[in-house]
Amino acid sequence: MSLTILKEDEFTSFIEKCKEHSFMQTVSMSNLLRKRGFETKFLGWKSNNETTVAAIAFMKHLTGGVRIEINSGPLYTNESDLKSFYHELQLFAKKQGALELVVKPDDIYQTFEIDGKPIEPEKTELISTLTDLGYKFDGLQVGYPEGEPTWHYLKNLEGFDETSLLKSFNKNSVRNIKTALDYNVIVRKINKEEIPEFKKIIEETGRRQGFEDKSLDYYTELYDAFGDNADFLVAELDFEKSLDHINSKLTSLNPKSKQYDQQAQKLNKQKQIISELKQQINTEKILLACALILYTKDQATYLFGGSYTEFQKFSAAFLIQYHAMNCTLRRNIMSYNFLGITGVFDGSDGVLRFKQNFNGYIVRKMGTFRYYPQPLKYKLIQGLKKLLKRS
């Protein structure tokens, strides 16, 4: 039994045997991290010459040593080998001259209903597996520690088709999706040359919601690294096609119907909105919202997204999620991960309120664990950094 460096194809073959795994533990992510300046290694624990635990470790050379991190891993087919893997990982970190080893497991610590009520007990043994070996635990946290969520919002897509999926959402979501469809908002994948326009939407959303956007290089490199396993989606409004769509609906109305006046009034109001906006903007099309979806064999993840405030009347953010879930179903993937929420359920989390429209459930991940192979050297360097900042 030993910790070994796996070949890329060995790691790929192993993750095919595992249940749901994060996009962070894929060869595509390894390729992206290498482009971003990290060194990556495929680590595996072998028992009787068979890999039972594996993870991508990414390394960054810092002043005085190396920082090693495993994010959303390790993956395993035999849970009883986890403790051995974590112990050997400490020895590996020492051999690499690491100052800090960071592990952020993907295991679910606890599952909750849509409103944050727990539906299962806490799995405290997951934490003790690491702390018993000397890993320091950051604690069970809320918010986005180090910019990453430990609380995820998910939707189980099993048993749904396009029609029943829509019916599974709450009334507000259904109403908003129908509004977007009434305006003939179209959701499509963009090509690489359109990424700057995609990024502008996220920039605007970031300024509004208080988060920092990624660089343009990050998006283009991710586009290349993930290929067909990444959908860069935009919701778009073509003014002429929208007007044609509304006019077609007006023509098909039955003048003898009791609802005719009300229906015609609504459609004419939509025509007015589109016509005035077209005149104001003076373009043929506008982008309303965007989303980046990453796929593994078992899960789709909504990684980033945003929308323009001025166009929220078209409800594109709702339609783009519905479209992404349908794309997920077409890939025969049954888990859709909306990713981060704060884990605070007092009504203050607007991101949670939006995601609750789709009637999913909530999981809490374990959080962050740290090991310091050279604790005195680490403390000395951290102390020097603080002094330099003050001077």
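Visitor: What does L384 count as: buried, exposed or partly exposed?
Guide: L384 counts as partly exposed because its relative accessibility is 44%. The classes are buried under 20% relative accessible area, exposed over 50%, and partly exposed in between, with a 1.4 Å probe and protein chains only.

Visitor: What sort of model is this, and how are residues numbered?
Guide: This is a predicted model, where local features need pLDDT of at least 70, side-chain atom pairs count only at pLDDT 80 or more, and totals for chains, interfaces and linings use all residues. Residues are numbered from 1 along each chain as its sequence is written, and side-chain values use heavy atoms, with hydrogens and water left out.

Visitor: Back to L384. Which element is L384 in?
Guide: Helix α13, residues 375-390. Helices (H or I, at least four residues) and strands (E, at least two) are DSSP runs numbered from the N terminus.

Visitor: Which residues form a nonpolar surface patch with L384?
Guide: L380 and L387; together the three have about 300 Å² of accessible area. Areas come from the Shrake-Rupley method with a 1.4 Å probe, and for residues only the protein chains shown count as cover. Patch residues have over 30% relative accessible area and no salt bridge; like charges are joined within 9 Å, nonpolar side chains (Val, Leu, Ile, Met, Phe, Trp, Tyr) within 5 Å. A salt bridge is a side-chain nitrogen of Lys or Arg within 4 Å of a carboxyl oxygen of Asp or Glu.

Visitor: Which way does β9 run against β14, parallel or antiparallel?
Guide: Strand β9 (residues 151-156) is antiparallel to β14, with six bridges between them. Strands pair if DSSP finds at least two bridges between them.

Visitor: Where is T150?
Guide: In the loop between β8 (136-137) and β9. T150 has a relative accessible area of 11%, so T150 is buried.

Visitor: What does T150 touch?
Guide: Leaving out residues up to four places away in sequence, T150 touches Q141, P145, V363, R364, K365 and G367. Contact means heavy atoms within 4.5 Å.
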